[in-house]
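Trainee: Hi! Could you walk me through this one before I set anything up?
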Amino acid sequence: MTVENGKPEEQVSEEAVAAEHETVEEFVLNEEGGVPLGDEAEQAADSKLQQQVETLTEQLAQAKDQTLRAHAEMQNIKRRSQQDVEKAHKFALEKFVDSLIPVVDSLEKGIESAEQAEGSHEGIIEGMNLTLKQFLSSLEKSGVKQVDPAGQPFDPNFHQAMSMVPNPDMEPNTVMDVFQKGYTLNDRLVRPAMVVVSK
């Protein structure tokens, strides 16, 4: 047995065989499309992982955005539904109120006629006034308010001008006379007041 570089010949040949084997394995892996070895291989693997992380991060951000949008849309639908229900409760009486308003008109006209008639009608007038007062009070409890704008500035949202008359004693666009009172239900107009306006 000979000694080469201070090592027995058998040991040197085993090391040489092992090194040759590793070189052959690396060559085979590279030729078969295996994972490359060395710094370039690590950089390629890192680059691929980085791309995957960026893709997943982008997908996560999109999923979060879609979730937030869906949640916001659900909140909007819920709010709109609540508003619709509130309006339905608030204005369900509108047609009923509209049918009661002529009764108030008739009572008021009856009182006016009784006051202008000859003879003593104080008892009838008093009874009709009490009936009218009670009726209006009942309507108010349901959110109905009478619009009687005499002497107030003209408001096209609640008043309907029948005519305009010059009047030096009043400011322009002031309600001089009310032909027919208006009514609101929960601050929404049911019938506008018919008025004469100064110009």
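Mentor: Happy to; we can go from the overall layout to the core, the central contacts and the charged pairs.

Trainee: What kind of model is it, and what are the ground rules?

Mentor: This is a predicted model, where local features need pLDDT of at least 70, side-chain atom pairs count only at pLDDT 80 or more, and totals for chains, interfaces and linings use all residues. Residues are numbered from 1 along each chain as its sequence is written, and side-chain values use heavy atoms, with hydrogens and water left out.

Trainee: How many helices and strands does the protein chain have?

Mentor: The protein chain has four helices and eight strands. Those are DSSP runs, with helices being H or I of at least four residues and strands being E of at least two, numbered from the N terminus. Along the sequence the pattern reads β-β-α-α-α-α-β-β-β-β-β-β.

Trainee: And what share of the residues is buried?

Mentor: Buried residues are 19% of the 199 in the protein chain. Buried means under 20% relative accessible area, exposed means over 50%, and partly exposed is in between, with a 1.4 Å probe and protein chains only. The chain exposes about 15,300 Å², and carbon and sulfur atoms supply 53% of that; the areas come from the Shrake-Rupley method with a 1.4 Å probe, and for residues only the protein chains shown count as cover.

Trainee: Now the core. Which residues touch the most other members of the largest one?

Mentor: That core has 17 residues, and V104, L132, L136, L139, V144, Y183 and L185 touch the most other members. A nonpolar core here is a set of buried Ala, Val, Leu, Ile, Met, Phe, Trp, Tyr and Cys residues joined through side-chain atoms within 4.5 Å. Two or more residues come from each of α3 (94-116), α4 (122-141) and β6 (182-185), and α3 gives the most, with seven. A second, separate core has six residues, including V175, V178, A193 and V197.

Trainee: Why would nonpolar side chains be buried together?

Mentor: In soluble globular proteins, nonpolar side chains tend to be buried together.

Trainee: Tell me about α3, then. How far does it reach?

Mentor: α3 has 23 residues and reaches 34 Å from its first C-alpha to its last, close to the 33 Å expected at 1.5 Å a residue; the expected span is 1.5 Å times one less than the number of residues. Its buried residues are V97, L100, I101, V104, D105, L107, E108, I111 and A114. Their cover includes α4, β3 (144-147), β5 (175-180), β6 and β7 (188-191).

Trainee: What does L185 touch?

Mentor: Leaving aside neighbours within four places in sequence, L185 is in contact (heavy atoms within 4.5 Å) with K90, F91, L93, E94, V97, S142, G143, V144 and V190.

Trainee: And T184: buried or exposed?

Mentor: T184 sits in strand β6 and is buried, at 7% relative accessibility. Residues up to four places away aside, T184 touches G143, V144, K145, V147, F158, L189 and V190.

Trainee: Switching to charges: how many salt bridges are there?

Mentor: The whole structure has six salt bridges, each being a side-chain nitrogen of Lys or Arg within 4 Å of a carboxyl oxygen of Asp or Glu. D105 pairs with R191, the closest N and O atoms being 2.8 Å apart. This pair links helix α3 to strand β7, 86 residues apart. D105 is buried at 15% relative accessible area, and R191 is buried too, at 13%.

Trainee: Where are the partners partly exposed?

Mentor: Take D148 and K181, with closest N and O atoms 3.9 Å apart. D148 is partly exposed at 40% relative accessible area, and K181 is partly exposed at 22%. Salt bridges that share partners join E108, D148 and K181 into one network. Another pair is E73 with R80, at 3.7 Å, N to O; E73 is partly exposed at 41%, and R80 is partly exposed at 40%.
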